[in-house]
Amino acid sequence: MDILITGVGGQGTILASKILAYAYVIEGRNARTGETIGMSQRGGCVVSHVRAGNAHSPYIPVGGADLLLSFELCEGARRIPYLKKDGFAIVNTASIIPVSTALGMADYDAEKITKYISENSNAIFIDADKLARECGSFRAVNTVLIGAACGLGVLGLSKDSIVQSIKKNIKAKYLDLNIKAFHSGMKTTGEMKEKCKVI
Amino acid sequence: MTANEKINDITRRVNDLKEILLGNTAIALGAVVAGVRVAAGYPGTPSTEVLESVAKYNTDGKISVEWSTNEKAALEVAAGASWSGVRAIVTMKQVGLNVASDPLMSLGVIGTKGGMVIVVADDPGPISSQTEQDTRHFGKFANIPVLDPSSPEEAYEMTKYAFELSEKLHLPIILRPTTKVCHSSGTIEVDTEVYQYEPEGFVKEPKWVIFPPLSYRRHLEIEQQQKEISALFSRLPFNRIEGNGRIGIATGGAAYAIVRDIVESYELDVTILKSGAVFPPPDQLYSEFLQRVEKVLVLEELDPVIEEQLYHIMAVRKIEKPIRGKLNGFVSPAGELRFENTLKIIEKFIGRKLKNIENESGMVFPQRPPVLCAGCPHRASFYAVKKAMRGKKSVFCGDIGCYTLGNGKPLEMTDTCLCMGAGITVAQGIKKAEPDTNVFAFIGDSTFFASGMTGLANAVYNGTKINVIVLDNSTTAMTGHQPHPGIGRTMMNTSSPKIDIFSVAKSLGAEFVEKVNPFEFDLAVKTVREASEKKGVSVVIFEAPCAALVKPDNVCAVEDCTGCKKCIREIGCPALTVRDRKVEINRALCNGCGLCTNVCDRIIRL
């Protein structure tokens, strides 16, 4: 199981990768992750790779991801080539406009980007920022998205293992909020799954 | 909780399951269970988390952990500890070893007593470094054994072994992880026992004083010892031959993991030579490998070290096998190895296609170069100097830290960057060559202590009029907010005397020294102008805490924006965004610093 998590520096992608990787370990599997840490964190593109199973190297090959978990619209689109043909993308619709766009050096056309993702992958779009804020903080986007992946039933993980991993990796102070966010994400995709029978 | 109990706790926490550990944390825990007592280092990506994790797992306080002022200081502290019989670890990034190369070279001659491990993280790519240098060369240069882990799991095992090996050989050991090992995590079962020992203490002996006759004698011994280590390394499990194919792939470090993934995915019939204890080279094992295969592809990141070792052994043992690698242009000399480019090289080598990789989306997405954070005081400092010097012939020398990003649009306030501390001294060279130019040197607070002070002394001593701007945000921000000598707190959270940059600059003899908050914008501009007009060396210290460490108490807003976008063109803050041709302030990002209110009257602080 290979999961690519993508977003912009500061959004919490690393914590999401930790939570998922540890959940696989709880279920008795080996897991590894690969992260972007350092200069690219300052508002740059960040990608975390989570690999459960017997892969040796930390990075998922292009065309190898079972799931793309995207914290930001354009970053999701940028990494579509990493998905397997039958892989799924869960994309947060929130956009973070880069300074290069504000300076007029590059276009950020949300409509076009959304269309590209839809045409090139099995994608589900959710407003994870909104769901996170409703649960108490925009910082809970990571647990909303993990919940969404769980609700879609594509992780090969039980809900209990994920909750156990969230409890281990998130500070007690923020735990209730994040458990709530996890359930909110799970409910959203669970309902979508019912409605459109995407899987 | 003692270190033992803590480690027990880590492994027990979830039904005796294994842990997911970052490579750097695995190295730290390897050192903790090996009984490390002194740990020192200087922050630098991708090495920083090693020392931070040693501090984190130093639960019984038995380990002395410190951020030293620079890598040279750290290595010397560790050497002294080792000479006193305790196990010591020192951590840095690859360019840090350049700074510490003076003690390293001599330590290779004098040797060690308590196990000493020098962790030096290399950065193929490079992803966040100045150079793509290869630390394995330093091993050869200094006659110090080098271990090169291929995964976090192996890094953990190698760290423990390195302490034993160091004590056996009386030499320091270089552990050389690369970014893909440091910043990836693996599933590791942490040992529950910490190695126990009673250090002998420092024993006065002539062997700790380096003199020419001693160096000569040691040189003879060390060269003999290299042969013994090579024989040992040929039997070490970190070095091994896997598979039975007639086609050979020699690899090591993170590249080994990629090669294994490809070989397993496509069931390739090859023989892999995995080099983990890479210097001195395991000659016997290399020669067995060469005998078994018809031709060899060498896949390694950075320099062709394994490749040159193979050529060497072929020459010595009169073996002739075709080798493809970096030396004959088969593999690119620069950049990271990833699954995709490694697969292409293997396809070319075996002469058949294994997979079609479609990495082209046909879409062009906006780039996201790293930028100074919203509310970053460096933006205000750069903008103040830019405004003060507008229309005057000026050169702005930069240095290493977040503020290297001052190079980007729209500030464009970093004209040079060479290495740690070089801004101040490069500025002096430019001033000597171009006396009519106003030359500025920007340097961060941590960098000032690491290697800025000698440069400032040089300017004063030699009477070179430069303008030094210290960007003092009270932390080492770029690497994740480590403390430094100017803060009054150590990494173990004890208080320490606060070394005051203002007093240091004064006592080093700078003619003009002034402290100012860059967000008091008009005063900041005026101070810079005044500094530039002085005859002697000037130092302006811009003091304001790193934006990532302070919570905003207000935010800014735009009222009736005309859409001229001057604010974005002037300061390029990431919180300034455009919607329907008008500038809006992203409240989730805005730090309320108010720098933009100095650019446009329509922006106000709420």
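This is a predicted model: local features need pLDDT of at least 70, side-chain atom pairs count only at pLDDT 80 or more; totals for chains, interfaces and linings use all residues.
## A lysine in a loop

In chain B, K565(B) sits in the loop that links β20 (556-558) to α20 (566-571). Is K565(B) buried, exposed or partly exposed? It has 18 C-beta neighbours inside 10 Å, so it counts as partly exposed, because a residue needs 20 or more to be called buried.

The peptide bond leading from K409(B) to P410(B) is cis, and its omega is near 0 degrees. E412(B), although not a glycine, has a positive phi of about 45 degrees. With 13 other C-beta atoms within 10 Å, E412(B) is partly exposed.

There is also a cis peptide bond between T45(B) and P46(B), where omega is about 10 degrees. You can look for P46(B) in the loop between β2 (38-41) and α3 (48-56) of chain B.

## The parallel sheet in chain B

Now turn to a sheet. In what order do the strands of this open sheet of 5 strands in chain B come? The order is β15-β16-β17-β19-β18, and the pairing is parallel. At the edges are β15 (394-397) and β18 (512-516) of chain B, each of which pairs on one side only. On average, neighbouring strands of the sheet are turned by 20 degrees against each other, ignoring direction.

Let us zoom in on one pair. Strand β17 (residues 467-472) and strand β19 (residues 538-543) of chain B are joined in the parallel sense by 6 bridges. Within this pair, V468(B) stands opposite V539(B) of β19(B). Helix α15 (residues 377-389) of chain B packs on the sheet, where it touches β15, β16 (438-444), β17 and β19 of chain B. The direction of α15 makes about 160 degrees with that of β17(B). Helix α17 (residues 445-461) of chain B packs on the sheet as well, touching β16 and β17 of chain B, and its direction makes about 140 degrees with that of β16(B).

## A helix with a buried side

Which residues of helix α6 (residues 101-110) of chain B are buried? They are P103(B), L104(B), L107(B) and G108(B). These residues lie on the same side of α6(B), because they cover an arc of only 140 degrees around the axis.

What covers them? The cover over the buried residues of α6(B) includes α4 (71-83), α5 (94-99) and α7 (136-142) of chain B. After α6(B) comes G111(B), with a positive phi near 90 degrees.

## A glycine out in the open

G201(B) belongs to the loop between β8 and α10 (212-234) of chain B. It has 10 C-beta neighbours inside 10 Å, so it counts as exposed, because the limit for that class is 12 or fewer.

How far apart are the C-alpha atoms of G201(B) and I188(B)? They are separated by 34 Å, and the two residues are 13 residues apart along the chain. Leaving aside residues up to four places away in sequence, G201(B) touches S84(B) and G85(B).

## Where the two chains meet

The contact between the chains involves 47 residues of chain B and 47 residues of chain A. On the side of chain B that touches chain A, β8 (184-188), α11 (254-265), α14 (339-350) and β21 (576-579) of chain B each supply at least two residues. Sorted by class, this side of chain B has 24 nonpolar, 13 polar and 10 charged residues.

Strand β2 (residues 31-34) of chain A runs antiparallel to β8(B), and 2 bridges join them. Here T33(A) has S185(B) as its bridge partner in β8(B).

## Confidence in chain A

Within chain A, confidence is lowest in helix α3 (residues 99-102), with a mean of 79. Confidence is highest in strand β4 (residues 65-70) of chain A, at 98.

Definitions and conventions. Residues are numbered from 1 along each chain as its sequence is written. Chains are lettered from A and ligands numbered from 1 in the order in which they are written. Two residues are in contact if their C-beta atoms, placed from the backbone, lie within 7 Å. Helices (H or I, at least four residues) and strands (E, at least two) are DSSP runs, numbered from the N terminus. Ala, Val, Leu, Ile, Met, Phe, Trp, Tyr, Cys and Pro count as nonpolar, Asp, Glu, Lys and Arg as charged, and the others, Gly among them, as polar. Two strands pair if DSSP finds at least two bridges between them. The arc is that of the directions from the helix axis to the C-beta atoms. Axes are lines fitted to C-alpha atoms, for helices over the stretch in contact, and angles run from 0 to 180 degrees between N-to-C directions. pLDDT is the predictor's confidence in each residue, from 0 to 100.
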